[in-house]
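Please examine the sequence and the structure shown below. The paragraphs that follow lead through them step by step.

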There are 2 protein chains.
Amino acid sequence: MFTSSEENYLKAIFHLGITSNKGVSTNAIAKSLHTKASSVTDMIKKLADKKVLVYKKYQGVSLTSEGKKTAANIIRKHRLWEVFLVEKLNFNWDEVHDVAEQLEHIKSPKLINEIDALLGFPKYDPHGDPIPDKEGNLDQIEKSLLSTLAINEFGICVGVHDSSSTFLQFLDKQKIALGQEIIVVEKEDFDGSMVVEINKNKISISNKIANNLYIKKSQ
Amino acid sequence: MFTSSEENYLKAIFHLGITSNKGVSTNAIAKSLHTKASSVTDMIKKLADKKVLVYKKYQGVSLTSEGKKTAANIIRKHRLWEVFLVEKLNFNWDEVHDVAEQLEHIKSPKLINEIDALLGFPKYDPHGDPIPDKEGNLDQIEKSLLSTLAINEFGICVGVHDSSSTFLQFLDKQKIALGQEIIVVEKEDFDGSMVVEINKNKISISNKIANNLYIKKSQ
DNA sequence: AAATATTTTTAGTCTTGTCTAAATTTTAAT
DNA sequence: ATTAAAATTTAGACAAGACTAAAAATATTT
């Protein structure tokens, strides 16, 4: 069994490990958890003893299959709770993260399985992120950042990269929601901004926004 | 804000304080939390500093109104989660305690208010215990232990004293549930056992059981 | 290739919450 | 009213998880 702190490390390392095929660096973990590198060194030694990751001094870490499974399970719980909060308890998608961060550490297999069933076994959370199955498998769908689309390309909004509440509230204000069709109308080379059509409205999107919105291209 | 550990102490002291009008003793708290008296002394000093209880060396403690409110709020959360688990997630009443013990420490006013609303603002938890309102008021209903009823007295099962899973499972096996009418048919002076009629069945009840089942007398 | 910068680790400290063992106070019994 | 017993507190220790500052290893520049 793992403490909440250990679980948070596993989750962070799992997320960081997806992008890089090399080991995850101490500093990267520290940054992601808003902690100090020395604290990370202490913790990864502990987790290496528990066989959930492999650690060679100065070489970063990578999760064992046991570690991956454990991490995926925490992410599964986090995302299922997020769906529950939005679907059953009238939370907005920008309000769920902090609460799910607490709920993901509750230890009760029956609890999370029943929540899963109550929700009808959802596959994606409110931000479009896939929910790992009980074995820890996580399906990666084909998606692209809005910023990579060319003029006249179109697709469906399927997720957000940054799920900070300011960004999500911005999307709400612009009436941009997951599942909506979006078409690139204009692109400005100068600042990377673009004009898109969504919901029959043309709106101007800054480069920063376009770098945070995932699109599933339709061909 | 309070740590989970502090919250557990407040809850324990609240429960112990209901029965005694004097201060709650260090040993009683230690026993209730399965901890040592010296640990309790440390913690109550800390809680006294936080103004949630008053403490005079060797004299035990009692909660301030602030402390009572905080404790009642934790108990409110615990009992609402228990209702949720039974009503929405197919938990049996003997399975809810440990999970609720974790869930009660989740910090999110919106979460618990929405759970309350989802459940239709219940007044009692699955064991018949009253749920405090948002201000921390807890209504005490008139109830008696089954063991205190005389022959031919009858009433409604409204709660359990001991809510250990073995006792609750025993009640399930005997088809005894809250809300059912119960009549005392025979009483045995020798061992305090009794025969009662419940659900058209006559069953024999040991003294230990009769001391753990609460009845609301009908007159 | 040497010098510099960055990253990582080590060593030592701190807080929270727990413990044991010993000392003190209160309560109960003779 | 002493003495014995029980309850409580103090003192000192420990584990978890964090920190700072300094040392060591790795990367990057020149």
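Helix 3 of chain B makes the largest contribution to the surface near DNA strand C, supplying 5 residues. Here a residue is near a strand if its C-beta atom, placed from the backbone, lies within 6 Å of it, and helices (H or I, at least four residues) and strands (E, at least two) are DSSP runs numbered from the N terminus. The model is predicted: local features require pLDDT of at least 70 and side-chain atom pairs count only at pLDDT 80 or more, while totals for chains, interfaces and linings use all residues. Residues are numbered from 1 along each chain as its sequence is written, and chains are lettered from A and ligands numbered from 1 in the order in which they are written.

DNA strand C is surrounded by 20 residues, the closest being Ser25(A), Asn27(A), Ser38(A), Thr3(B) and Ser38(B). Two or more residues of this surface come from each of helix 2 (26–33) and helix 3 (37–49) of chain A, and from helix 1 (4–19) and helix 3 (37–49) of chain B. By class, the surface comprises 11 polar, 5 charged and 4 nonpolar residues; Ala, Val, Leu, Ile, Met, Phe, Trp, Tyr, Cys and Pro count as nonpolar, Asp, Glu, Lys and Arg as charged, and the others, Gly among them, as polar.

Helix 1 of chain B has 16 residues and reaches 24 Å from its first C-alpha to its last, close to the expected 22 Å; that expectation is 1.5 Å times one less than the number of residues. Buried residues of this helix include Tyr9(B), Leu10(B), Ile13(B) and Phe14(B). A residue is buried if 20 or more other C-beta atoms lie within 10 Å of its own, exposed if 12 or fewer, and partly exposed in between, with C-beta atoms placed from the backbone. The buried residues of helix 1 pack against helix 2 (26–33), helix 3, strand 1 (53–55), strand 2 (61–63) and helix 4 of chain B.

The contact between the chains takes 13 residues from chain B and 13 residues from chain A, two residues being in contact if their C-beta atoms, placed from the backbone, lie within 7 Å. On the side of chain B that touches chain A, helix 4 (65–89), helix 5 (96–103) and helix 6 (109–118) each supply at least two residues. The largest share, 4 residues, is that of helix 6 of chain B. This side divides into 7 nonpolar, 3 polar and 3 charged residues.

Chain A contains 8 helices and 8 strands. Of its 219 residues, 36% count as buried.

Two loop residues of chain B have positive phi without being glycine. His34(B), with phi near 50°, lies in the loop between helix 2 and helix 3; His34(B) is exposed because 6 other C-beta atoms lie within 10 Å. Lys175(B), with phi of about 60°, belongs to the loop between helix 7 (165–173) and strand 5 (181–187), and Lys175(B) counts as exposed with 11 C-beta neighbours inside 10 Å.
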